[in-house]
Amino acid sequence: MTLDGEALEQLRKRVRAGGAEKYHAANAAKGKLFARERIALLVDEGSFVEDGLYANSMAEGLPADGVVTGVATIGGRPVCVMANDSTVKAGSWGARTVEKIIRIIERAYGAGHPMVYLVDSAGARITDQVELFPGRRGAGKIFWNQVRASGAIPQVCALFGPSAAGGAYIPAFCDVVAMVEGNASMYLGSDRMVEMVTGEKTTLEEMGGARVHCAESGVGHFLCKTEAEALDVVKRYLSYLPDNWTQQPPSATAVEPSSKVDLAALVPASERQAFDMRRYVKGLLDDGSFLEIQALWAKELTVGFGRLNGEVVGVVANNSMFKGGVLFVDSADKAARFVQLCDAFNVPLLFLSDVPGFMVGTAVEKQGIIRHGAKMITAISEATVPKICVVVRKAYGAGLYAMAGPGFEPDATIALPTAKIAVMGAEAAVNAVYANKIAAIADPEERAAFVAARREEYERDIDIVRLASELVVDAIVEPHELRAELVRRFAAARGRDRHFSRRRHGVTPV
């Protein structure tokens, strides 16, 4: 078949138009953009170079085989992009769809470029299953390549529609997932399949909608109102990371923190009184630089990227506003994954501790709190980036360990004057040691005086100056001194030895 210039241009125009107009109109009614419009909003103007435009072009109604792939730049930095075209058979996968996705991930990995997935797909085409599913270059190779690329290059997903069945694992293998509320969903089986298999009647939104995954399952990281917001999240996320694991995070112009936050006034004198650690983080970092990750899930722990004097840091902070800041199964998983992400891409870690410890009780033991806590502590032990632990108010029990305490080779353990480090709080400790004596004192006033005296003794035993004199903490600083102290210490820690252990890899307590 010979093409003249006009015929070739007509072919290009037909392929780039995607599916039938009725599908474009249906998407527009839902607030959904065309795949090529999404790419245009994401990347630098005129920078996109497409690969595989004519995939399956001999077939009827399958332009580009339902996926757009190629290389572009974002802020002048190269990225590889994959975007499902939901106007073509609902963005479902055929054999060439799979091959295009495999090729672009391989290209990203080989070149050391970040990989961006713009997902909107109904999953595999059952009619094409022999060609796309079981073979060496079948759909499984997508996930194999994602796992190989994990930690080598940033992988970020914006989810605009469904990500169904096996296809749901593309977002799952990404570093982070931005989901558009009302349209985005992830599920292994459709609502009809669930009813057929289990008898449960549900909807895609109830089972795998954006809010479910961002607030309950933890598979989603950012809940976005619009597609433009999701694309902005992708760009902002990548701005904190290097192109690949061999490089350092990009620096930016230093900005003073918000003058609206008084760090000293923010921390209550009573450890029983909650305060919002997110405000503390924002008062410490460069103004406007904090990007919180998984803000709606396991809220007792706050994690995210920010800048300290223009340099990227990853923040792990307990938030007493939620469940008293106690560590649960989900918050342990949240911390472990974020710490691994930072360590993979050379992002120094700042731990802000205000933690009573891990949760206890029958429910959490059955959920595997010990195993999940071990996972968190494993990630912190294995992290070889610069780490600084700041005890803002308290670090009790294994919570000290989980927040990169002195035994985990932080570059420094810094205490504020409000800091307390102990096996447990004074009230719990006195009750544990003197329970029988307290119960034996009949007079309420005498009992209260006995308890108060024992608590005072305990507080003297864990006095922060004593801990500094014993070299448990490396410095005691005032809140207004903390930012400058951290800037100096992180600068001094650059270039530290990144070796951890003589082995291939540990056995993670998953």
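# Questions about a predicted chain

User: Between which two elements is the loop that holds Lys89?
Analyst: Helices and strands are DSSP runs here, numbered from the N terminus; a helix is H or I over at least four residues and a strand is E over at least two. On that basis, the place of Lys89 is in the loop between strand 3 (77-84) and helix 4 (95-111).

User: What kind of model is this, and what pLDDT do side-chain atom pairs need?
Analyst: Residues are numbered from 1 along each chain as its sequence is written, and side-chain values use heavy atoms, with hydrogens and water left out. The model is predicted: totals for chains, interfaces and linings use all residues, local features need pLDDT of at least 70, and side-chain atom pairs count only at pLDDT 80 or more.

User: Back to Lys89: is it buried or exposed?
Analyst: Buried is under 20% relative accessible area, exposed is over 50%, and partly exposed is in between (1.4 Å probe, protein chains only). Lys89 isn't a glycine, yet has a positive phi of about 45 degrees. Its relative accessible area is 51%, so Lys89 is exposed.

User: And Asn309, what is its phi near?
Analyst: Asn309 lies in the loop between strand 10 (301-308) and strand 11 (311-318). It counts as partly exposed because its relative accessibility is 36%. Asn309 isn't a glycine either, but its phi is positive, near 60 degrees.

User: Zooming out, how many helices and strands does the chain have?
Analyst: The chain has 510 residues, and buried ones make up 51% of them. Its secondary structure comes to 21 helices and 16 strands.

User: Of contacts between residues at least 6 apart in sequence, what share joins residues at least 24 apart?
Analyst: A contact here means heavy atoms within 4.5 Å. Take the contacts between residues at least 6 apart in sequence: the share joining residues at least 24 apart is 72%.

User: How far apart do the centres of the positive and negative side chains lie?
Analyst: Lys and Arg count as positive, Asp and Glu as negative, while His and the chain ends are left out. Each charge is placed at NZ of Lys, CZ of Arg, CG of Asp or CD of Glu. The chain has 58 positive and 61 negative side chains, and the centres of the two sets are apart by 4 Å.

User: How many disulfides does the count come to?
Analyst: A disulfide is taken as a pair of cysteine sulfur atoms within 2.5 Å. Cys174 has its closest cysteine sulfur in Cys157, 5.0 Å away, so that pair is too far for a bond. Cys389 has its closest one in Cys342, at 15 Å, so that is too far as well. By this rule the number of disulfides is zero.

User: Which residues of helix 10 are buried?
Analyst: Helix 10 is followed by Gly218, whose phi is positive, near 85 degrees. The cover over the helix's buried residues includes strand 6 (176-180), strand 7 (185-187), helix 9 (204-208) and strand 8 (222-224). Within helix 10 (residues 210-217), the buried residues are Ala210, Val212, His213 and Cys214.

User: What does His213 touch, leaving out residues up to four places away in sequence?
Analyst: His213 counts as buried because its relative accessibility is 9%. From His213 to Ala298 it's 85 residues in sequence and 12 Å in space, C-alpha to C-alpha. Not counting residues up to four places away, His213 touches Met179, Met186, Gly208, Gly218, Val219 and Gly220.

User: Which residues does Arg148 touch, with the sequence neighbours up to four places away left out?
Analyst: Arg148 is in helix 6 (residues 139-149), and its 35% relative accessibility is why it counts as partly exposed. Arg148 and Glu106 are 42 residues apart in sequence, with 9.5 Å between their C-alpha atoms. Leaving out residues up to four places away, Arg148 touches Glu106 and Tyr109.

User: How far apart in space are Ala452 and Thr302?
Analyst: Ala452 lies in helix 19 (residues 444-461) and is partly exposed, at 44% relative accessible area. Ala452 and Thr302 are 150 residues apart in sequence, and their C-alpha to C-alpha distance is 34 Å.
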